[in-house]
Amino acid sequence: MQIDLGNLAALALGCTVSAGGGGGDPRIGELMAAEAIERCGPVEVRPLSSFGEAEVIMPCGMIGAPTVMMEKIPHGAEGRIIRETYEKQFGLPVAALMPFELGGLNGVLPVAWAAHAGLPLLDGDLMGRAFPELHMLTPHLSGMSGSPAVITDERRQTIVFDARDNVWLEKLVRNCVAALGGSACGGLYTMTAAEAAGPVIEGTVTRALGIGEALRRDGEDRVAAVARVTPLARLGQGKIIDIERRATGRFVQGSTLIEGHGVDAGRLFRLEFQNENLVLLEDGAPLATVPDVITLLNAHTGHGLVTEETRYGQRVEIVVFPAPAAWTSAAGLAAVGPRAFGYDFDFVPVQVSGG
Amino acid sequence: MAEHDELRVGVDVGGTNTDAVLLDGRNRLLAKIKHPTTPDVTTGLLSALQQVLRQEPDAAARVGRVMVGTTHATNAILHRRNLRRVATVRLGGPATHAVPPLRGWPADLRASISCGETIVDGGVEMTGEPLVPLDEDAVRRFLDSVSEQAEGIAVAGVFSPVLPDQEYRVEELVAEVLGERPVSLSHEVGSLGLLERENATVLNAALVEVAEQVTAGLQNALSALGISVETFVAQNDGTVMSLDYARRYPILTIGSGPTNSMRGAGHLTGERDALVVDVGATTTVMGMLTQGFPRESTAPVDVGGVRTNFRMPDLVSLSLGGGTMVGPPGTGILDAGSVGNRLSAEALVFGGGVPTLIDAAVAAGRAAVGDVGRTTGHTRLLHRAVAACDTRLAEAVDRVKASAREVPLIAVGGGSALVPQDLPGVLTVHRPEHHEVANAIGAAVAGVSGAVDRVFSYVNGREEAIAEAVRLARDEAIRAGADPGLVDVVEVEEIPLAYLTQPVARLRVKAAGPLRMP
């Protein structure tokens, strides 16, 4: 399996769906990857089982505001700089890159770096979706430290973090990114293939690719095509009739009202988000919640909608993908379940019907 | 001359027709003319002006202002004609190398425009602090290397809409190294999003030749008529710019046709917040007027196969018009294409044999043209077509509207009879007289504007940040010639940025008003 100029667009499209409303527009990452693949060749995507136990895997991505990166585009060597910094730290060569977040911009950015570095990409990630904070990654659940973490900016400055714990790491990195101008690139939770066997959510790169390819096929029910790639629930279709957004400091919070259409005429859905979509409500009761991945698909284009882009009048289909198993464990729900985001109810696992 | 005596001329040079109107000092229509557009433009323009002025005694001497809208720039890009060779300077190194300038352009367009690109160290952060100092030597070396070929220079700096100083500095360096050579600066062309803004800037630099031809043609036509007054060119946001500015920023004319049509429709009905739908033979275009101006698109806009982000009206286009064929069984009822300009021969009501949407409108009693008797054998099919057309229009209404509030709709264009009197979410439907020259009227009543699109920190409060953005937009409108007492804020959009430590938002503010009287 490889990512080349023929299937890169499908991967980017799949990343808009797997993000659950967050993660930013993947476009700048897609352009970077296209440029890197053109110059350096396609990127090999390999399963975890193909790596030797001691081989080093480097999870990476951008940290900060994707909107800033639309201006301050990376130079393209970030992946190599992070890797070299790690190699100096560990004295071991990095064998593969891996997206730490398979959703939005971060689902495609590591493809550009892998092409540039001539390294394979591991078929997996540490979120299985998009989340806002650095301790919302699967290795945190098993007590693994995100440190040493490496951040680099477009001036080729690098900073290595050795934090007391992952909550501190999030705080230090986030403030450092602000000082660097609102966006930077980083690696964290770098681990051996043996260590990766627990936390890595496998197959997410090929899954996003499959979702994107299904959405790009013409002349059929797109969502049904996606359901053949990965289990999902269709919770409703309708029109966005109101959207409210506010900047609360570290997050953009708000809600979207969706009026049911077609078979869902007469229903009213309320989708609440904090960077990513958190809960889908009907008559005050949750139909779906984090950590399940709630995505609004644009009914005209099939794209997953980023919360920044939703606006009145858009026709949408509400689809929900079951969360990776790591997030539905007791520890997972404590970290990213509805109560972790301030809701007074428990996780409502979505009921998946066969494709 | 007292201002209420002053006449105003509005002209719209379209692909098919050159329309001209004459308005009095209170913006009332005195005369109108439709004239075929000629290949050299000037001949048709001169002829249209002559004919419209002839309808009012002593008109040429009483004209105080001439406003012109044209599609020249669009056509030049589509046909790769009269484009200048451009050298592109991006200020963004060591960042931004991952995606070089002009990536993704159609190869032939790139070949006919670009004579070199470079990325030099420079650019600023979203706060305006420098990313790294501008590498002036690298700029000089690049300019030297393209001095033979470059007919224009495009300059795009990272976050230049926040702080344009480095772009101005490069303009000085061009003068120093190359002497007189047109320069296009990205912060004056596009908004946030470096690649799209840079693309728009390069296209702009390539269009300078076209702009000079148009402005020269216009000046020749006017002096042939003995008119020497202030002349303006319509921009795509419902405002006008001086000839000098149009020579420098021709790309801002792209999309002025639909904008003028919407502004003209608003003027004819007195509505300031309304949907405008323009139904032709093949296509229907719908947009939204807010406070008298077309709402702008926030998404990137494709110009000749290139992604750009300069302000464009936010429009929904449907392949739906009077000539749309009502489909044979097997295809979607409205998906069989259009008979286009053969409508007057092929539609049933005009004696032809093809059921079209104009036949459907006649059968439904919405239009009274041709012979309704010829539709009788097709009644059921035509009724289904009307219903399908209404559904598509209703969907377009929802896509264009910004909120659930009911708003009026203004229907213009040759196929506007298709628009039903009742549409969900629509308060009333207006069908104004003179709608066939709405374009030229829109040009004649255009105002001037100022806009801000930047990232603002809310550290000192959200209200303060918005007030600052509003002040900057108003000041710019006044500098552009707006009457300070009549400038209104017509659009404020707030997009909070996620994943940062402090509240930060992108604010887009636009202020506009009528031109100050001389």
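# Two chains, questioned term by term

Biologist: Which residue of β18(B) stands opposite Val407(B)?

Modeller: Val426(B) stands opposite Val407(B). The model is predicted: local features need pLDDT of at least 70 and side-chain atom pairs count only at pLDDT 80 or more, while totals for chains, interfaces and linings use all residues. Residues are numbered from 1 along each chain as its sequence is written, chains are lettered from A and ligands numbered from 1 in the order in which they are written, and side-chain values use heavy atoms, with hydrogens and water left out.

Biologist: What makes β17(B) and β18(B) a pair?

Modeller: Two strands pair if DSSP finds at least two bridges between them. β17(B) and strand β18 (residues 426-430) have three, in the parallel sense. Strand β11 (residues 274-279) of chain B also pairs with β17(B) in the parallel sense, over four bridges. There, Val276(B) stands opposite Ile410(B).

Biologist: Why is strand β17 of chain B called largely enclosed?

Modeller: Buried means under 20% relative accessible area, exposed means over 50%, and partly exposed lies in between (1.4 Å probe, protein chains only). Six of the six residues of β17(B), which runs over residues 407-412, are buried, so the rest of the structure largely encloses this strand.

Biologist: Why does Arg508(B) count as buried?

Modeller: Arg508(B) has 11% relative accessibility, so it counts as buried. Arg508(B) is in strand β21 (residues 504-513) of chain B. Strands here are DSSP runs of E with at least two residues, helices are runs of H or I with at least four, and both are numbered from the N terminus.

Biologist: Which residues are in contact with Arg508(B), leaving aside its neighbours within four places in sequence?

Modeller: Contact means heavy atoms within 4.5 Å. Among the partners of Arg508(B) are Glu296(B), Asp453(B), Glu491(B) and Glu493(B). The list also includes Ser191(B), Thr298(B) and Val452(B).

Biologist: What makes Pro100(B) partly exposed?

Modeller: Its relative accessibility is 25%, so Pro100(B) counts as partly exposed. Pro100(B) is in the loop between β5 (86-93) and α4 (107-113) of chain B. Not counting residues up to four places away in sequence, Pro100(B) touches Glu35(A), Arg90(B) and Ile119(B).

Biologist: Why is Val205(A) called buried?

Modeller: Val205(A) has a relative accessible area of 1%, so it is buried. Val205(A) lies in helix α9 (residues 204-216) of chain A. Residues that it touches include Ile3(A), Leu11(A), Val45(A), Leu102(A) and Leu121(A).

Biologist: How do you know that chain A is as compact as a globular protein of its length?

Modeller: The radius of gyration is taken over C-alpha atoms, and the globule rule is 2.2 Å times the number of residues to the power 0.38. For 355 residues the rule gives 20 Å and chain A has 19 Å, which is close, so chain A is as compact as a globular protein of that length. Chain A has 12 helices and 18 strands, and 63% of its residues are buried.

Biologist: What does the globule rule say of chain B?

Modeller: A compact globule of 518 residues would have a radius of gyration near 24 Å, and the 24 Å of chain B agrees with that. Chain B has 15 helices and 21 strands, and 57% of its residues are buried.

Biologist: Why is Asn275(A) called buried, and why is Arg156(A) called partly exposed?

Modeller: Asn275(A) is at 2% relative accessibility, so it counts as buried. Arg156(A) has a relative accessible area of 44%, so it is partly exposed.
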